[in-house]
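Have the sequence and the model open beside you.

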Amino acid sequence: MNDTIAAISTTLGVGAISTIRVSGDLSISIVNKIFKGKDLTKVNSHTITYGHIVEEGSIIDEVLVSVMKAPKTFTREDVVEINTHGGIAITNKVLELLLLNGCRLAEPGEFTKRAFLNGRIDLIEAEGVMDLINSKTEKSRKLAINQVNGEVSKLIKDLRQSIVEMLANIEVNIDYPEYEDIEQITIDMILNSVEKIESEIKNILSKSEDSKIIKEGIKTIIIGSPNVGKSSILNRLLNEDKAIVTDIAGTTRDIVEGNLQIDGILLNMIDTAGIRETNDLVESIGVKKSIDLIDEADLILYVLSNNEKITTGQKEILNKLENKNKIIIVNKIDLENKLDLKLLPSYVSISVKENKGLNELKNKIKEMFNLEKIEQSDFTYLSSARSISLLKKSLESLKSVKQGIKEKMPIDMVEIDLKQVWSILGEIIGQTYSDELIDQLFSRFCLGK
């Protein structure tokens with residue numbers, strides 16, 4: 001990290017302003033080489049200076065340059081941000097001049113990586129930065145900002161602190177048993193502390209189950225036989241003609257996708273090809289995709305037609321969905337009833353044509369995923385698969401500690417298992433990490449962040 005890096009931090013294209021970010025020991029002096037205006041090496045930290053970017057005396061652009069000196073910067077290095085007029089040619093030219101004068105092009109996420117390696121943020125906060133950039137709903141923004149602000153990290157740090165205090169008491173009792181003025185820690189006291197930590201971890205994990213829904217949304221597929229109204233339901237829910245609707249069976253041959261928000265939660269809607277036996281090669285591929293998606297979906301909307309008798313094939317699909325998150329939709333209730341409703345465990349009746357029952361469908365989804373509970377949440381919990389899996393691992397290690405206590409293992413053996421829990425929790429916030437993990441994590445960031 002001894003070199004100075006540069007990258008475009010705004011979307012490359014036509015716009016009012018583009019920002020090129022520079023970070024490293026030589027950032028101020030390098031930018032000063034191509035800047036005409038005040039001497040940037042002499043300006044105060046956290047100030048903006050007006051001037052021009054020049055090349056061999058020729059003006060490239062009129063700019064505003066922000067100078068921020070270490071350590072009070074995002075990377076804890078000297079940082080310079082050049083605000084140019086938005087435009088591909090101008091932005092690329094300024095970046096080119098920086099690279100020619102001693103900067104290296106930053107790797108994806110390298111600014112945030114440096115912030116982590118320099119102790120500015122921990123891993124949870126770093127993941128929160130990426131989640132904040134990618135957030136698509138107000139709830140996902142709240143979830144991410146709590147990570148960025150360190151609220152989520154505090155949960156883990158408090159758990160580690162409780163374990164450290166316990167370990168310290170154990171160490172004192174082992175090393176200095178002759179002192180009468182120290183608190184004599186007992187097995188019961190350790191067990192009570194361990195059970196309290198276990199309860200706190202379970203509470204965090206319980207809350208974190210909602211994070212996947214907030215962060216990624218609910219993958220929702222609409223399946224059913226041809227002409228039961230799947231595409232019409234998609235279009236009505238999205239309030240746009242996303243899918244082609246005709247009276248011809250097999251019109252939808254590939255998946256059609258769209259997004260819908262219910263109480264601030266994103267539903268990633270997928271309309272599939274009608275499931276039926278067909279000799280058409282293209283349609284049969286679409287049908288296979290529909291069936292394959294059943295095992296991938298968080299929610300399945302299975303559509304039946306009110307004016308058609310249930311078929312053997314539809315019964316087979318119902319059996320396949322028995323243990324899945326599903327809502328059976330009976331469409332076309334405006335037509336004569338021919339469907340034996342007694343065969344269905346539960347269902348929502350709708351008429352897309354008459355715009356009936358769609359609110360009931362949305363309410364059913366809200367109920368199924370406890371969206372009203374999520375609405376009242378404080379959003380202070382883990383959201384990455386990495387951190388959640390590590391927290392589950394720490395919970396398993398705590399069970400070993402409890403088992404050791406119940407089997408009356410020596411206190412120093414219990415201490416070893418407690419240190420393991422403390423270490424695993426440290427991995428969540430990045431107190432311990434591997435270079436491979438760090439490289440993989442930050443490679444998913446965009447350039448310039």
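Strand β12 is mostly covered, with six of its six residues buried (buried means under 20% relative accessible area with a 1.4 Å probe, protein chains only). On one side K326, I328 and V330 are buried, and on the other I327, I329 and N331 are too, which leaves both faces covered. To reach β12 from β11, the chain passes through helix α10 (residues 312-320) in a right-handed β-α-β crossover (clockwise from the first strand over the helix to the second, with the strands pointing away from the viewer).

A word on the source: this is a predicted model, in which local features need pLDDT of at least 70, side-chain atom pairs count only at pLDDT 80 or more, and totals for chains, interfaces and linings use all residues. Residues are numbered from 1 along each chain as its sequence is written, and side-chain values use heavy atoms, leaving out hydrogens and water.

β12 belongs to an open, mixed sheet of six strands, ordered β9-β10-β8-β11-β12-β13. The edge strands, β9 (256-262) and β13 (348-349), each pair on one side only (pairing takes at least two DSSP bridges between two strands).

| Partner | Sense | Bridges |
|---|---|---|
| β11 (residues 299-305) | parallel | six |
| β13 | parallel | two |

V330 stands opposite L304 and also opposite S349 in β13.

Now for K326: which side chain of opposite charge is nearest? That is E322, 7.6 Å away, and buried K326 has no salt bridge (a Lys or Arg side-chain nitrogen within 4 Å of an Asp or Glu carboxyl oxygen). Still, a polar atom of the K326 side chain lies 3.2 Å from the backbone oxygen of E322.

Note on methods. Buried < 20%, exposed > 50% of the residue type's maximum accessible area, 1.4 Å probe, protein only. Lys, Arg positive; Asp, Glu negative; His and termini not counted. Polar contact = N/O pair within 3.5 Å; in protein donor to acceptor, adjacent residues only side chain to side chain. Helix = DSSP H or I, 4+ residues; strand = E, 2+ residues; numbered from the N terminus.
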